[in-house]
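Hello,

Here is the structure you were expecting, with the sequence alongside.

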Amino acid sequence: MKLLFNLLVFILPIISFNASAQSTGQITGKITMVDGKPLASASVSIVHSGKNTLTNDTGRYNFNNIAAGSYTIKIQVLGAPEVNLKAVVIAGQTDTLNYQFTKENVLALQEVTIEDKNSKFANKESIYVARLPLKNIENPQVYNVVPKELLEEQMAVSLNDVGKDIPGAGVPMVANQGRVTFFSRGFETEPNARNGVAGAAFSEIDNANLERVEAIKGPSATLFGTNISSSFGGLFNRVTKEPYNGSGGEVAYYGGSWDYNRLTFDVNTPANADRTALFRLDGATTFQRSFQDQGFDNNFSLAPSFFYQVTDRLSLKVEAEFEQAKATSVVRFQPFTGGANAGTASIADMRFPYNKTFMSNDLAYTTQMLNIFAQLNYKISAGWNSQTIISRARSTINGDITALVGKTDSTITPQVITGNTSFIATDLQQNFIGDFKIGSHRNRVVIGADFYHNFNNFDRITVNPPVENFVHPSATYRICQFKIDSLSSKGTLRKEYNSDDTYAAYASDVFNITDRLLAMASLRIDRYQYNGVYNITTGVTAGGIGAGGVQAGPYGQTALSPKMGLVYEVIQDRLSLFGNYMNGFFNQSGVAANGDLITPIKPESGNQIEFGAKADLFDHRLVGTVSYYDISISNVIRPDPNNSQYAIQNGTQLSKGVEVDITANPMDGLNIIAGYAYNDSKLTKADSTVNGLRPAQSGSPNTVNLWVSYTMTHGNLKGLGVGFGGDYGSSSYYYNTHKYQIIIPKYTSLDGSIFYDQRKYRIGIKVNNITSEKMWSSRLTPQAPATFIGSLALKF
């Protein structure tokens, strides 16, 4: 009896399965874009059945065990009209329904990796720059893109390396918490935009989670505001990796100079049988000693991401960035500029030791960053999409942050900030994105609202240990944690918190006057409310500080920011001429005196006029941009020459220049990335000590970047490649007044690599700064000499 029961348990499911197979069928198909390339992660559903799925990386979808009958298959892709196909299921058979989109969709292009494209570095399309489905050739704004394929080929293991491929970015400045700052059109700019919204990080940001980096040029407050560490020169947007409809991943190890050890991983998988839920996890851990006598960096990052196609119209994306690090501060030298030191000097001639830190490894800081990003997309109709975004960023710093302050031509005193600092920012954003026609004229519209709350907390002490001679340092000189702790009772305490809120609304319309002539009109209204600084020790709330130390209480400022552009496609989708007028603003604190009347400070304002050309020629083998820009800044705060207790706000500054960005693929396997940037910046109405001069720490006036690589595309050595390139920057200023100038010398840094890339593995060898060129950042931080890195990646 028991044997019979077991046989029935085994046989009945088989009979049931066969019966099901005889009464049901399948629906399958492939979805492609207008150029025939597969469209991954497109939503496909059977109307009124509750069944939906996503296409895989080859564009295919599949529904099994569908009862015989007639059905409607719905294809939903953001930024495109929905598609309905008729399916007839016959028991035991498969109905194949393929579909190719008839129009290009930029929103879809961003989700697809096109491996057989002629140039793997030429994809410039972005859904973030204009917040609209707008191709690069249609966009009147200039932006540069550094894709993950280029980062991989160059073995760019640090965010510092990204600037090598961006015209004008220069030598990166690394702050004490490990965060990176580049230059954009003569202004310091941090990469604190994440997927188009605020994603500030007062800590290291690991490359392991980067899909690409977008350098968006020019004042961009109209669509992005001022809360993402943008500048009048632009902003840097980090586009993170997203789940894809497939299973796979990679584990890689990197080793090299200065005990460099790095392990990365990237794993992706569907989370349910319907493939409507996708999960991806990537991360890295890195340790390296400094090339100097002391110093180290040890960090760990983790970045999970989840995508869920809730219905055919509704999708949810949730991502997180977690980073934790323990490290010592990089050298930050502030030369002495007092006394009789009038004239011009170069950091290279100051006898400050290139390889010495004057600190100890126990003077370290720890940072922890957690960024949460959630996005809800809903397809309202064929022409309108809703996008709801929640972003929250938290960074904390504990321990010691150091600098070296010059006291004379040959002596320094260390400055050590010890304690805790935390930064918390919350961004809520709602966008409605439309793509529709009025008559025969296409309109692409975004209407949005944004709320941003920022909170900063400080509990730290600044300590100044004894003076030391840096030219002839004492053999026993050592600043350690014990010494800092013993001096902390005499230090300067900062125990306070501050916060601010920003409320904004914006709208932008790209209007097709003809198929080739497009006009953009955009406007933002921004209300900024500064809530003041609360001193925890005294219990007093104050505000911003004026030029002479006068306290300005909590205040509010309102700004209007317009943006306009015009594009004419000389050859449609291939060559365009463009021009733009763009605005940026930054809220400022302080008070100004006008007789007996005290008036609040206004927002600082910057306006840019730019024109140029964009090209995408020879089936993407030549993609480039050439432009000329002129930025004028007004309402700059400067000390009141008649009353040092106050400020006046009539300062001006100019920044103009030329930028060239080219990506070329002259023949299969040969890729060229080249860029040039010229920037002329000048303080035109400023304090008499600097009026008419280039602002200090504004980067090199001339920069050049070049990377050339060749990969074998056929034969037994297919996948073997070599790369060579470099960066040049003309001399710049750390300090620039009519009395005294400190020059940062020009530099030429050369890199080279050899790699072998196969379907299951990748091997690479890279040497950075082959000639050990001595270079300094804008904060006079020495850069590493020749550095070797080797890597091995296993793919699955």
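The lining of the second largest cavity consists of eight nonpolar, ten polar and one charged residues; Ala, Val, Leu, Ile, Met, Phe, Trp, Tyr, Cys and Pro count as nonpolar, Asp, Glu, Lys and Arg as charged, and the others, Gly among them, as polar. The volume of this cavity is about 150 Å³. Of its 19 lining residues, V171, S700, S732, Y747 and W776 are the closest to its centre. A cavity here is a set of points, on a 1 Å grid over the protein atoms alone, where a 1.4 Å probe fits but cannot get out, and lining residues have an atom within 4 Å of a point.

This is a predicted model: local features need pLDDT of at least 70, side-chain atom pairs count only at pLDDT 80 or more, and totals for chains, interfaces and linings use all residues. Residues are numbered from 1 along each chain as its sequence is written, and side-chain values use heavy atoms, with hydrogens and water left out.

Strand 2 (residues 43–46) runs antiparallel to strand 3 (residues 51–54), joined by four bridges, and antiparallel to strand 5 (residues 69–76), also by four bridges. Strands are DSSP runs (E, at least two residues), numbered from the N terminus, and two of them pair if DSSP finds at least two bridges between them. S45 is opposite N52 in strand 3, while I46 has I73 in strand 5 as its bridge partner. Four residues lie between strands 2 and 3 in their hairpin, where H48 has a positive phi near 65°.

Regards

How values were computed
On a 1 Å grid over the protein atoms alone, a cavity is a set of points where a 1.4 Å probe fits but cannot get out, and a pocket is an open set with protein on both sides within 12 Å along at least five of seven lines; lining residues have an atom within 4 Å of a point. Grid points are joined across faces, edges and corners, and a volume is the space filled by probe spheres set on the points.
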